[in-house]
Structures are given as structure tokens and as C-alpha cells.
Amino acid sequence: MTLLSVRDLGVDFGGPPIVDGVSFSMKRGEIVALVGESGSGKSVASLALMGLLGRGNVTGSAMLRLNDGRETDLARISSRERRGVLGRHVSMIFQDPLSSLDPIQTIGAQMREVLALHCGLLGRKAEARAVELLHEVGIVDPQACLKLIPQRLSGGMRQRVLIAMAIAGEPELLLADEPTTALDVTVQAQVLRLLLSLRARSGMGMIFITHNLAVASSITDRVIVLYAGQVVEDAPADAFFAAPAMPYSKALLGAAPGIDSVFGARRLPTLRGQVPAPGERGVGCRFAPRCDAMRPTPCQTQMPDLQNIADGENEVHAVRCGRWEELAR
Amino acid sequence: MAEGMLAFAARRAGVNVLLLLLVSLTGFMLLHATPGGPLAQFSLSPGMTSERLNQIAHSMGLDQPLWLQYVEWLGGLLKGDWGHSYRDHAPVLSIIVAHLGATVELGLASLVISFLGGLAMGLVGALRAGQAIDSLCSLVGVILLSLPTFWLGLVFIYFLSVRTGWFPAGGLMSPGNASPVDRLRHLALPALTLGLVSIPVWGAYVRSFAGDTLNQDHIRTARALGVPGWRIVLRRVLPASLLPLIPIAGVYLPTLLSGALVTETVFTWPGVGRLFLDSLQYRDYPVALGVLMFSAVLVLICSLAAELLHHAADPRLRA
């Protein structure tokens, strides 16, 4: 069953769109990776869904189906309605766990605030639930942890605490914006495992925003690649990592460091150039200037559509490339 | 942890004693280096002879070498004998204490006005950063800051006292009227004058601290978890903005408690500030030096207390 259906989501700050006609949908309990370089619009798109942009115009729709069957459009609900949705139906964790907790309140105070807000729990009950949640996210001594201020915790522990706070309201959807980027590699793996086990237990869907394909490959069910504000490929993880269709995806995969590139002699290929700024986009494919497979026509003359190339009836593997068929041969 | 605190307090106390010595020495020497001197007022009296003048100088100890005068004065200070006023021979300490009540009353009242006003102005500015009301707040701040205290005081006296008769023009209370209402009515104008001109100072600090806090990641986290805006301000922005104000208050408070010279003069407020000006005018060295030392001690006590309070209030400093 569909959990979130994003249609034609656009974000601009008075100039050319930063997020440009982004559409995708995800099922309940699905983990979707939103992948792209800096400047691709992935963070802006997720903040727009959360209503955390501050300023900026958001267009299009993002229908979220709640557990009770109601639907709410994250792209256009009022800020009052949004407060009833955030934390309870949609939560978010961020890149930098070091600065994402209030430095002068104890972990306990910050958790009790969320528990009172979303679960109506106060006093002893809130305390007990906080201990339970911290235990669930793998904090060894939850009782002691509650009395500490964030400064006393490691980055990995803080991200666990933040995850515990994010899932306290048992949301249907969790947005995770580079949640492991600031962590040690070993801790990264632990946090990823934790997120997977939480999904398995609660069935919450997750949008995992990352620029790191290795991280994405270890957790995701679907991969959605963003480039210059547009979706350029949307594919099941298996199909994506086996045979990406869009040249940009191929280049990204090629540029991702794997075991062989760390220990082997292979020199890591790099992707030349950078994402064009919103004002410098041509009329054709936005990746064309950097693409090895570029042909003047159609690549520079016409913006390719996002077309579904999946074999099966109910499957989605969408790609935005005018030459994908030639290239697949 | 407690030992660290104790060592900190002990070190600070040592430094403070040195500072006080320095203040006493420079204060004493500066005052005695000024022309005129305490004998000037006697020398103009009719029928004064130089013999009589020497007698007076001898009785006041003014004929002794300066260093000896200093040592004797310092020794007295340490024993709690701050000397006697040249004017009415009353003990200096009891004169200061007699004037302290009025100063504390005015100081605290103006502090409440300026702090609450500054808090409101700073928070509004930070929460509506870049909007019209933010610009309005800074404009009002600049205007208040550039108002001369004596002028503002005179304006208040003219419009709210002389023209309308709503408030008394000066003094601590009406003669023979000890009601709290009467005292408050006397307090209103000087407290408002002193408070208003200090609002932008607090406002600027709060605006800056609250603005910094609002830009921090943990505010975004709280929003993402659905915490309502008023709660974010109350539980996160306010405490984070108040904590760094504690040491600043420690510096600011003694300037209030050692007397607001201008305001006390304009409103004939019998506080420590007025006492200091008067004693300078009359070359009443013991009283002037007494007020000076009293202010120095206040500065040190307040800043030490503020630092201890800051340590106790900020959990990050306790770890």
C-alpha cells in the first residue's frame, strides 16, 4: 500500500527551481534512498516535505497516507496541522548528531518533552518509556544516559538518542538526512543496522538521503537519483546496483569507492565538472555537459522525459535519458 | 569537582586582594594630587590664620608624609574603620550605608525595567529577524541609546511632573509620608529614566544570543519533532540566551549599585552617586575614597558571584 506519493514537487527561492518536478512514491515500510551530489536538491526536497525550509515556495503535492487511513498533503498543510503531523507521523534525523541535541538540557528532559507531546506520557511513565526507547536503540545504560547532557555522549550515542526521540511518536515515515555521514565507519554500520531493525519491527517507511552509494546499497529497497533538482533514475535497489540505466548513475557508481579501489591498484574514476547552478541549466538534458555518452541531438536540444523502462507490469524503473535504449545494448 | 570550584574561588580571591590594593593606592594618590585639597575650604574662612590652619592640618593628620597617611588609612580600612567625614565627622561606612538603600532601590527598579524591556526587544528581533519589526526594534534601540540621561530625566520632569503633576519631580519620598505608594511614585521617573537608556544594551545582547541559538541545529530537530514554537522559545532559546547574560550582569550590576551619578543628581535622589559627587565637591577625602573602595569591592564581589552562578547554572561548565 502506498505510504507517500510525491507529485511534481517543486521548490524555488524566487529564482529558478532548486527542486524541479520531483515525483516518486513509496510503499509502507519501504526504505527509499534519495541519492545525489551536493546541489542536487535532495536536502531541500526533504526539508520541504517537513516544512522546515523557512522561506521558499513549495509547489506540487506530497500525499502521506496515515495509519488511520487519513491522507495529508505535506506540501501544503498549514503550520498548525503540521505540528500535529511532525514527530507523530513523520520524523526526521539529521547529519550532525553533535549539534542536533540541546546542549544545556539533559537527554531525559529532551526525551520527556517529546513523550509528553506525542504520547501524553508524564512523570514515571515517561521515564519508563524513555528507558525503553533508549534500550531499543542500543544504549547500554539508559537510566544513566537520561541524566547526562549531550556533551557527555559520543557521536554514535547521540545519533541513537536522536533516533529514539524520532521514533518515540511511532511515525509512519522517517526522513534521515545523511544520518551516518558524521560518524566513524564502524559506528555507521551499527546505526544502519539499527535503522533496518527498527523498520523490521515497526514497519515504518524511511527516506534515506545520502550522497554515499555504498551506504545506500546496504540499507535501501529503492534508489532515487536526483540531478540538478530532477529525478533522473528511480529503480529497485537490485536492478539499480546491477545495471543502472542513466549515464549519471553509472558514473556515480563508478566513482564510489569500494573494497577493490581501496586495496587494489585501480585508480578511482572521477566525475568531471559539477552540477550546474540553477541559473546555468541548458534546454536539454541537465547532465549532458558532463556525460560521456552525450550526442548533440537529442541530448542538448530536448529535455528527456522520465520514462518507465521496467519489464513487469507493476514495477517501476524510471530513467531520464534520451539514449538509454542505445546505451543498454 | 567541588575542589576545583574551591581552588578557583581561592585563586580569584587572591587576585582580587591585589586589585583592591592597586585601586586603593591609585585612588588615594590621585585624590591627594588634585589641587585644592581639604584645607582650601578652611583657608577662605574669615579670620583664619596660618597657625590655626596648621593646627587643623595636624588634627586631620594632613601634615604627615603622604605614604604614612596612606598606610594609616589602609590599616583603618582593613580594621573596618574607614575614617570620618571632614564635613560632619560621621563614620564613612555608616554614611555610605545610609545612602545605599536609595541606590539599591533605584538600581534594582531600573534593572527590572531595562532587563525586561531588553529581553522583549531582543527576543522579538531575533524571532522576526530581517522583518520590519526587527528593524523597528533596532531603530528604537539606537534612539534610546543615544538619549542623554540628564536630558531624558529633565524631559520626564517637565512633562510628567511640572506640567501634569502626575509624579513628584525628585527626592526619595514626601516629607511625613511613609506610604509605599508615595515611595513608588517618587521612584517611577528616575527608575524609568535609568531603565530606558539601558534597554538597548540588554536588547542587543539578547538579540544576538537568541539569534545564535535559533540558528542552531537542535532548534531544527525540535521543529522536526513537532515541538511547538512557543515551547522552543521557552525551553531552548530563553535559557540559552540567559546563561551568557549572567557574567555580563555581574559586570553591569555594580555600576548600578555604586550609584547612578547623573540620574541621582537630576532627581535629587539621595544615593551613593550623589554622595560621591558631593564629597568630591567638598574635598571630603575620606568619604570619596570610601565610596571608591566600596565600588571596587562591589565590582569584584559581583563578578565573582556571577561567575560562580554561571558555573552552577550552566551544566556544560559543571562536567
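Colleague: What share of the contacts in chain B with a separation of 6 or more do residues 24 or more positions apart account for?

Modeller: Start with the term. Two residues are in contact if their C-beta atoms, placed from the backbone, lie within 7 Å. In chain B, residues 24 or more positions apart account for 70% of the contacts with a separation of 6 or more. Keep in mind that this is a predicted model, where local features need pLDDT of at least 70, side-chain atom pairs count only at pLDDT 80 or more, and totals for chains, interfaces and linings use all residues. Residues are numbered from 1 along each chain as its sequence is written, while chains are lettered from A and ligands numbered from 1 in the order in which they are written.

Colleague: How many helices and strands are there in chain B?

Modeller: Both are DSSP runs, numbered from the N terminus: helices are H or I with at least four residues, strands are E with at least two. Chain B has 15 helices and zero strands. Its C-alpha trace spans about 85 × 60 × 35 Å along the principal axes.

Colleague: Is Trp269(B) buried or exposed?

Modeller: Count neighbours. A residue is buried if 20 or more other C-beta atoms lie within 10 Å of its own, exposed if 12 or fewer, and partly exposed in between; the C-beta atoms are placed from the backbone. Trp269(B) has 27 other C-beta atoms within 10 Å, so it is buried. Trp269(B) sits in the loop between helix H12 (261-266) and helix H13 (272-281) of chain B. Leaving out residues up to four places away in sequence, its contacts include Leu106(B), Pro190(B) and Arg274(B). Across chain B, buried residues make up 33% of the 319 residues.

Colleague: What does strand S6 of chain A pair with?

Modeller: Two strands pair if DSSP finds at least two bridges between them. S6(A) and strand S7 (residues 173-177) of chain A pair in the parallel sense over four bridges. Met92(A) has Leu175(A) as its bridge partner in S7(A). Now look at the two faces. Val90(A) and Met92(A) point one way from S6(A), Ser91(A) and Ile93(A) the other way, and all are buried.

Colleague: Which residues touch the most other members of the largest nonpolar core?

Modeller: First the general idea. In soluble globular proteins, nonpolar side chains tend to be buried together. A nonpolar core is a set of buried Ala, Val, Leu, Ile, Met, Phe, Trp, Tyr and Cys residues joined through C-beta atoms within 7 Å. The largest one here has 143 residues, and Ala48(A), Ala164(A), Phe208(A) and Ile224(A) touch the most other members. Helix H8 (residues 180-214) of chain B gives the largest share, eleven residues. Domain 1 (2-89 + 171-262 + 269-328) and domain 2 (101-170) of chain A both give residues to this core, so it lies between them. Those bounds come from an automatic or database domain assignment.

Colleague: How many residues of domain 1 of chain A are in contact with domain 2 of chain A?

Modeller: 13 residues of domain 1 of chain A are in contact with 14 residues of domain 2 of chain A. Helix H7 (residues 185-202) of chain A gives the most to the domain 1 side, six residues.

Colleague: How many residues does each chain bring to the contact?

Modeller: Chain A brings 26 residues and chain B 19 residues. H3(A) gives the largest share of the chain A side, four residues. By class, that side has 14 nonpolar, six polar and six charged residues. Ala, Val, Leu, Ile, Met, Phe, Trp, Tyr, Cys and Pro count as nonpolar, Asp, Glu, Lys and Arg as charged, and the others, Gly among them, as polar.
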